[in-house]
Each structure stands twice: as structure tokens, then as C-alpha cells.
Amino acid sequence: MIKLYYEDSYIHSFTASVERCVPHKDGYLILLDKTAFFMTAGGQECDSGTLDGQKVLSVILENDEVYHLVKNPIEVGKQVSGELDWEERFRKMQHHSAEHIVSGIAFSHFGLNNVGFHLDKDGVTIDYDAELTENQLLELERLANEAVWKNLEISASYPTEKELESINYRSKTDILGRIRIVTIDGIDVCACCAPHLKRTGEAGIIKFTETMRHRGGIRIKMICAKDALCDYSEKQKSVYGISAMLSVPQNEVLKAVSKLKNELETANREKNGILKRLALAQAQNIPETDGNFYIFSDITEKNALRIIANEGKIRIGGIFAVFAGDDGIGYSYIVTAKSGAADFAKALNSELSGKGGGKDDMAEGRILASKDKIERVLKRLL
């Protein structure tokens with residue numbers, strides 16, 4: 001079989017002869033005498049398109065032969081036309097070549113080895129075996145884009161075993177058979193089976209979108225070309241919207257949001273302080289008794305209710321329950337006791353179709369019932 005993508009990765013339509021048609025659980029596997037369809041391999045998904053007018057569902061490599069999965073059989077010996085989804089193929093070539101640029105620089109400048117690579121509709125994910133600082137990541141991204149702007153040549157070759165001995169190339173895995181070397185002048189030399197661009201300039205721009213620590217190293221998510229433009233446009237809409245809402249210039253959005261966040265945190269601290277004081281004030285109305293007691297509170301914030309519940313546990317020898325809410329949305333509750341809180345909550349839920357539970361000394365839940373109905377049940381249970 002002739003793999004046309006190794007002769008010219010820009011071929012996206014071709015004619016070929018059917019050599020084999022094999023039944024498959026999802027249709028039929030078609031083997032051709034030549035193909036431009038790249039299979040699922042090397043960390044990226046296979047090409048899509050049509051073969052003899054049928055949608056190619058998958059492209060599978062088996063025993064160094066490329067099979068095309070289609071729904072209906074195609075007669076052996078028939079001449080067929082193949083058409084790749086060129087926009088998708090070119091996007092994959094852009095992203096894969098961009099990954100080689102980044103990984104080549106990560107290796108030569110920072111000593112990082114690429115130990116994981118995946119290319120899909122969301123872009124490229126690369127795993128490296130060591131971490132980078134924020135400044136190093138910025139430097140890596142800058143150098144990668146400089147390589148794009150230089151429009152360097154990208155070439156592929158099949159060196160002999162003797163020639164390979166003198167070539168210092170990157171490879172994530174041990175490779176059986178002939179080794180294909182993809183070279184980006186002055187940037188990278190790497191063993192790779194995938195189709196690539198002819199020049200780095202076609203990658204357009206490289207942008208890191210997310211970085212995180214991963215298994216002792218770093219994971220970088222990146223996009224390039226049209227994907228990077230679309231991503232920038234979407235983020236620009238967000239910045240513009242925030243800028244308009246806060247009435248600040250776009251380049252001052254971060255500063256304005258940080259200021260607003262600090263103001264909200266201060267307001268929340270003040271609010272929580274007020275709620276705590278209100279909760280403690282309400283708790284003063286709880287009598288000290290060896291019996292049971294309950295109250296309905298107009299405080300709905302959970303932490304404040306817990307303050308009331310804990311005060312009730314100190315003052316009440318039996319079961320104490322605090323309820324908050326209204327007849328429209330129902331009531332949340334907290335039950336405290338020296339012991340028996342969970343059992344009481346279970347009985348309460350059973351009577352009022354509530355939900356919740358907890359431990360022997362504290363239980364929480366929610367009931368969709370009116371205050372009158374809850375009180376009737378409480379008078380029976382307490």
C-alpha cells in the first residue's frame with residue numbers, strides 16, 4: 001500500500017483501487033492500493049472524509065496496512081475516489097507541527113522531555129517530565145512563536161540505520177521498522193509518523209491556554225492558527241462585556257475585578273459578623289431545660305443557624321431543633337442533642353417527607369411543608 005500522506009501531506013483527494021473488503025461489526029473495512037487518509041496514531045485521531053461517496057467512519061492501521069471503515073461494502077477491484085475533510089486535516093497538521101516546535105524548544109532550552117501528546121478538537125495537550133516557572137513558560141511560548149514567524153522549513157526523511165546513529169532525535173517510544181524523522185530547521189528533530197506542514201509559518205500563532213502540574217512535571221494545553229483566533233475573539237467578548245459593566249478601560253479590567261472582589265469579601269465578612277451577632281442574640285431566647293425545644297428563625301444562612309443550633313445543644317437537655325424558611329419554599333432544619341439527633345431527624349423526615357440525616361449529636365435536612373404542619377408534628381414527636 002502506498003501512503004500518499006508521506007509523499008505529500010497536502011494531497012486531499014485521490015483515486016485508488018480496492019484490494020480488500022472485510023466485514024466488520026460497524027460496517028466494512030476497505031483496503032486500497034494507496035490512500036491519503038491518515039490513521040489514528042501518534043497521539044492524534046484519524047482523518048475523516050468520504051470514500052466512493054461514503055462517509056469514512058474510522059481509519060485503522062493493522063499490520064502496517066491502512067483500512068477505511070465505511071457502512072456499506074465496496075467491490076474488490078473497483079476504482080474509487082477518496083476525499084479528505086481538508087479543513088480538519090490541515091488543522092491537525094498545524095497543531096501537530098506546532099507541538100513539535102514547542103517540544104523541540106522545551107527540550108533544547110529547558111531540558112524537558114515530551115512524555116505525552118494528544119491532539120483533538122480542543123487542541124493539543126502535552127505532558128513534560130519536569131516543571132517550568134511562569135517566566136519559563138512565557139519564554140517557551142515566545143520562542144515558539146518566533147520559530148513560526150521565521151517560516152522555517154519542515155521536512156521528513158527516512159535515514160538508514162547507520163545514518164540514525166549520528167542523528168540526535170527525540171522519540172517518546174521505541175519504534176519498530178523504518179524510522180521517519182521530521183526536522184524543523186534549528187528547532188527540532190523528532191521521530192514521527194504524522195503528516196506535517198511544509199513551513200512553520202502556516203501554524204499562524206501558538207498560544208498556551210492552560211498549564212498545570214502533572215505527575216511530577218507539567219501539562220500544557222495549547223492551540224494555534226484559526227483556533228487561537230477564535231479563542232482570542234471569545235475572550236475579547238468577555239473582556240469587553242466586563243469592561244462595559246464596570247465602566248473601566250479594557251486594559252484595566254483585571255485591576256477593577258480585583259478591587260470588586262476585595263470589596264465583596266469585605267462586605268461578606270461584615271455580613272457574616274452581623275449574622276453571627278443576630279444568631280447569638282436569638283440564641284439568648286432559648287431557655288435552659290432538661291426537656292425538648294424548637295424555634296423558627298428568620299436567619300437562613302447555614303453557618304448562622306449552626307451557631308443557634310450549637311447554643312441550643314448547650315442549653316437544652318433533650319432535643320433542640322431550629323427551622324428556617326417559609327411555607328413557599330419549605331424549611332431547612334438543624335437538630336442537636338446529647339444523643340438521638342439522627343433518630344429524631346429520621347422520624348421528622350418520615351412524617352413530613354423530608355430529606356436529610358446526620359450523626360447522633362447533630363442532623364440536618366429539608367422539609368417541604370408549612371409551618372403549621374411542622375409544628376403539629378413537632379408537638380407529637382417532642
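At a relative accessible area of 6%, Tyr331 is a buried residue; buried stands for under 20%, exposed for over 50%, and partly exposed for what lies in between, with a 1.4 Å probe and protein chains only. The model is predicted, so local features need pLDDT of at least 70 and side-chain atom pairs count only at pLDDT 80 or more, while totals for chains, interfaces and linings use all residues. Residue numbers start from 1 along each chain as its sequence is written, and side-chain values rest on heavy atoms, with hydrogens and water left out.

A pair of aromatic rings is described by the distance of the centres and the angle of the planes. Rings of Phe, Tyr and Trp (its six-membered ring) pair if their centres lie within 6.5 Å; planes under 30 degrees apart are stacked, over 60 edge-to-face, and the rest tilted. The whole structure holds 11 aromatic pairs. In one of them, the ring centres of Phe296 and Tyr331 are 5.5 Å apart and the planes stand at 85°, so this pair is edge-to-face. Phe296 belongs to strand S17 (residues 293–297) and Tyr331 to strand S19 (residues 330–336), so the pair ties together parts 35 residues apart in sequence. Strands (E, at least two residues) and helices (H or I, at least four) are DSSP runs, numbered from the N terminus. Phe296 is partly exposed, at 22% relative accessible area. Ring pairs also join Tyr294, Phe296, Phe323, Tyr331 and Tyr333 in a cluster.

Elsewhere, charged side chains sit over rings, a term for NZ of Lys or CZ of Arg within 6 Å of the ring centre and within 35 degrees of the ring normal. Arg178 lies over the face of Tyr158, at 4.2 Å from the ring centre. The charged end of Lys198 is over the ring of Tyr10, 4.8 Å from its centre.

Next come the sheets, in which two strands pair if DSSP finds at least two bridges between them.

S15 is joined to S16 (residues 217–224) by eight bridges, and Met212 has Arg219 in S16 as its bridge partner.

Finally, the interior. A nonpolar core is a set of buried Ala, Val, Leu, Ile, Met, Phe, Trp, Tyr and Cys residues joined through side-chain atoms within 4.5 Å. The largest has 57 residues, and Ile101, Val102 and Ile206 have the most contacts inside it. Apart from it lies another core, of 19 residues, including Tyr294 and Tyr331.
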